[in-house]
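Work through the exercises below with the sequence and the coordinates at hand. Each task is followed by a solution in steps.

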Amino acid sequence: MEGPYIRIEDSGEVLPLGAAVTTIGRGSGVDIRLGDPSVSRLHAEIVRRGPYAYVTDLGLSRNGTRVNGRLVARRVLDDGDVLTFGNARCRIGGIPTEDLSAETDLRRSPSPELTRRELDVLTSLCQPALSDEAFVAPATAREIAADLVVTEAAVKQHLLRLYQKFRIPEGTNRRVRLANEVVSLGLVRPLPPAGREKVPQPQPQPQPQPQPSRSAPDRPTGPPVPAGARRAPAGSGLPERRAS
């Protein structure tokens, strides 16, 4: 048979695929009817696009669609693939083959070169999003300007250059997309949360206790003693002598 076809394993029947869409199921209005009770009335479609074909599960069955044993929602088909609709097995044939290398994962490009000020702007931008609080947006241009003690216009100029360096396209949530890119590249690390590390507090110095003042020895009171006279000892009861 020329062109893509499907072969029903249980009966061995071979049916050509339609030019655009081939419907598969248990209902009476489908293109390829399968009698297995695990197949829904309208189970899946096989769509052709030029030399290619892909199968789409319509999500109307509890049992799903598998390609080579793996449950799929949509999958490009290769020649010889085994399709399972519920418990009904079929095989695809007649699909042209292409000698293509396997798909490779895209690698992230290395981070661009940044000036010290640009790195400061990125750090201030991302710090709110790196906090422990949930659903926190990156800092605004005004908040960054206040943090770095610069003008808001200067911050906006830095952000425009950073959008270009990180290839952030224009549109909504541009700051959020820039912050996500920067965090995913590991260029910004969260600061230690406040209050987690206890900063040692200076211990109060003991205040010196006031010492009692030493008073001068008591001096005997009384009238002044003339020069040359001797004062009698206190409590002796003797009169003072005058010098002769």
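**Exercise 1: a serine in a loop**

Ser38 sits in the loop that joins strand S4 (32-33) to strand S5 (44-49). The model is a predicted one.

Task: determine whether Ser38 is buried or exposed, and find which residues it is in contact with, leaving aside neighbours within four places in sequence.

Solution. Start with the accessible area. The relative value for Ser38 is 11%. Buried means under 20%, so Ser38 is buried. Next, list the contacts: leaving aside neighbours within four places in sequence, Ser38 touches His43, Ser61, Asn63, Phe85, Gly86, Asn87 and Ala88. Finally, look at the side chain of Ser38, which forms a polar contact of 2.5 Å with the side chain of Asp36.

**Exercise 2: two helices crossing**

Task: describe how helix H3 (residues 152-165) and helix H4 (residues 174-184) cross.

Solution. The axes of H3 and H4 come within 11 Å, at a crossing angle of roughly 60 degrees. H3 is therefore oblique to H4. The crossing of H3 past H4 is left-handed. On the H3 side the contact is made by Leu159, Leu162 and Tyr163, and on the H4 side by Arg174, Arg175 and Leu178. Sorted by class, the contact of H3 with H4 has four nonpolar residues, two charged and no polar ones.

**Exercise 3: the buried side of a helix**

Task: which residues of helix H1 (residues 116-126) are buried, and what covers them?

Solution. The buried residues of H1 are Glu118, Val121, Leu122, Ser124, Leu125 and Cys126. Their cover includes helix H2 (141-148), together with H3 and H4.

Methods:
Residues numbered from 1 in each chain as written. Predicted model: local features only at pLDDT ≥ 70, side-chain atom pairs only at ≥ 80, totals over all residues. Heavy atoms only, no water. Axes fitted to C-alpha atoms, helices over the stretch in contact; angles between N-to-C directions. Helix = DSSP H or I, 4+ residues; strand = E, 2+ residues; numbered from the N terminus. Parallel < 35°, antiparallel > 145°, perpendicular 65-115°, else oblique. Left-handed = near helix turned anticlockwise from the far one by under 90°. Contact = heavy atoms within 4.5 Å. Nonpolar A, V, L, I, M, F, W, Y, C, P; charged D, E, K, R; others polar. Buried < 20%, exposed > 50% of the residue type's maximum accessible area, 1.4 Å probe, protein only. Polar contact = N/O pair within 3.5 Å; in protein donor to acceptor, adjacent residues only side chain to side chain.
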